[in-house]
Amino acid sequence: MTEVKAEPGSPLATVLSQLDDDQAQDIVTIPLEGKSSIADHMVIASGRSTRQVASMAQKLAERIKKDGHGPVRLEGLPAADWVLVDGGDVVVHLFRPEVRSFYNLERMWAFGDAPPVASGNA
């Protein structure tokens, strides 16, 4: 996949910065412009446990709102195996590694261009 550059101050930059702060693993950014009208970017990342996934989702939602990028919807709490953070222009999928490997969203959205995601620690 091609490297996606986030414009400083953009919703994508906010998301990537917060995920980095929260030590998210295996962060992948997929540009959706021209592929889907749901958002401009999709970000997929993993947390080591349901507790970390839930914490990342809540902090990310707060940061998106605080930085003025609009309302945020969270789906998948409190189970936190897979949490969807809908930030409007950026949709974020946060997974536990085993669940991420099972659904393999990267491959689906890259239309077969992405390698399968290995479960386990990278």
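**Exercises on backbone and packing**

Pro78 sits in the loop between β3 and β4. This is a predicted model, in which local features need pLDDT of at least 70, side-chain atom pairs count only at pLDDT 80 or more, and totals for chains, interfaces and linings use all residues. Residues are numbered from 1 along each chain as its sequence is written, and side-chain values use heavy atoms, with hydrogens and water left out.

**Exercise 1.** State whether the peptide bond from Leu77 to Pro78 is cis or trans.

Step 1: omega for this bond is near 5°. For reference, most peptide bonds are trans.

**Exercise 2.** Compare the span of helix α2 with its expected value.

Step 1: helices (H or I, at least four residues) and strands (E, at least two) are DSSP runs, numbered from the N terminus. Step 2: α2 covers residues 50-66, which is 17 residues. Step 3: the expected span is 1.5 Å times one less than the number of residues. Step 4: α2 reaches 24 Å from first C-alpha to last, close to the 24 Å expected.

**Exercise 3.** Find what the buried residues of α2 pack against.

Step 1: buried means under 20% relative accessible area, exposed over 50%, partly exposed in between (1.4 Å probe, protein chains only). Step 2: the buried residues of α2 include Val53, Met56, Leu60 and Ile64. Step 3: with contact meaning heavy atoms within 4.5 Å, the buried residues pack against α1 (11-21), β2 (41-46), β3 (73-75), β4 (82-86) and β5 (90-95).

**Exercise 4.** Classify the accessibility of Gln23.

Step 1: Gln23 lies in the loop between α1 and β1 (25-31). Step 2: its phi is positive, about 60°, although Gln23 is not a glycine. Step 3: Gln23 counts as exposed because its relative accessibility is 51%.
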